[in-house]
Amino acid sequence: KGFQGETYFTAPNEPYGATFTWYLKEDWTSKKKARQKVEGEKIAGGGDIEFPPFDALRAEKREEEGRLVISILDESGATVDRVEAKAEKGIHRAQWDLRYPPVEPPTKKPRELDPWESGPVGPFVLPGTYRARFELATDEGTKSLGEKTFAVESLALATLPAADRAAVLAFQKKTARLQRAVLGAERSAGELAERLSLLRLAYDAAPAADPGLDRRLRAAELALEEIQIRLLGDSFLRSKNENTAPSISERVGAVAGASWC
């Protein structure tokens with residue numbers, strides 16, 4: 001997809017991983033819908049309704065939508081991952097990709113992926129017995145809906161299988177912590193760069209401000225740029241088609257990417 005053969009027929013693959021199927025007897029009902037149902041019954045019966053107190057209306061507005069949460073637990077009882085779905089009446093399905101959560105910092109606007117790219121993932125879990133715990137999460141707390149035990153098995157398709165899979169996972173978790181720290185540093189550096197640019201704009205809008213403040217802000221921008229060069233690479237030299245050494249982020253990403261596939 002995206003190269004020669006673009007016009008050939010393509011279709012999504014079947015969902016990969018553990019598939020969970022469940023049935024909910026009834027929908028989750030919000031405070032607002034519950035109130036409106038009672039009011040509708042009163043109106044249908046010819047009765048009167050009163051205007052709700054503002055505190056009750058505020059509570060309705062603040063209420064978060066109830067959701068079904070599937071927690072994946074390993075043999076020790078530790079939570080490995082979570083899968084969420086809408087708490088809707090009927091039969092539903094969801095998949096877990098048999099991996100630990102990705103380490104990338106969350107964002108409200110995920111980057112649009114190219115056709116040949118895949119989304120962020122974490123390392124695979126070890127083969128073994130796991131539990132899927134179903135809960136209904138609302139503002140009032142969580143309600144248990146049951147559990148299901150299942151087994152994760154290895155297909156043993158690796159050309160060079162690991163002699164100690166537990167040691168491999170320990171290494172992957174270590175690289176995950178390192179990559180999370182590096183990606184967090186990238187995000188912090190970008191946010192700091194944005195704050196510095198806004199501070200310089202604020203300085204321009206304050207004619208009475210000390211001129212030394214602008215010099216200090218500029219020095220901070222240059223110092224941050226040097227940090228970003230080490231962290232992300234030298235974009236200036238690369239724009240001139242010059243070879244540059246791999247950045248910290250690229251080195252860590254290469255180790256994690258090669259190990260987690």
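Reply: E88 sits in the loop between strand 3 (79-86) and strand 4 (90-96), strands being DSSP runs of E with at least two residues and helices runs of H or I with at least four, numbered from the N terminus. This is a predicted model, in which local features need pLDDT of at least 70, side-chain atom pairs count only at pLDDT 80 or more, and totals for chains, interfaces and linings use all residues. Residues are numbered from 1 along each chain as its sequence is written, and side-chain values use heavy atoms, with hydrogens and water left out.

Me: How accessible is E88?

Reply: E88 counts as partly exposed, at 37% relative accessibility, since buried means under 20% relative accessible area and exposed over 50%, with partly exposed in between (1.4 Å probe, protein chains only).

Me: Ok, and what about E221, buried or exposed?

Reply: E221, which lies in helix 4 (residues 211-232), counts as buried because its relative accessibility is 18%. The C-alpha atoms of E221 and S259 are separated by 36 Å, the two residues being 38 apart along the chain.

Me: And K174, where is that?

Reply: K174 belongs to helix 3 (residues 165-204), and with a relative accessible area of 55% K174 is exposed.

Me: Switching topic, how do strand 5 and strand 6 pair?

Reply: Strand 5 (residues 128-138) and strand 6 (residues 141-152) are antiparallel, with eleven bridges, where pairing requires that DSSP finds at least two bridges between two strands. A hairpin of two residues joins strand 5 to strand 6.

Me: Which residue is the bridge partner of F134?

Reply: The partner of F134 is G146, in strand 6.
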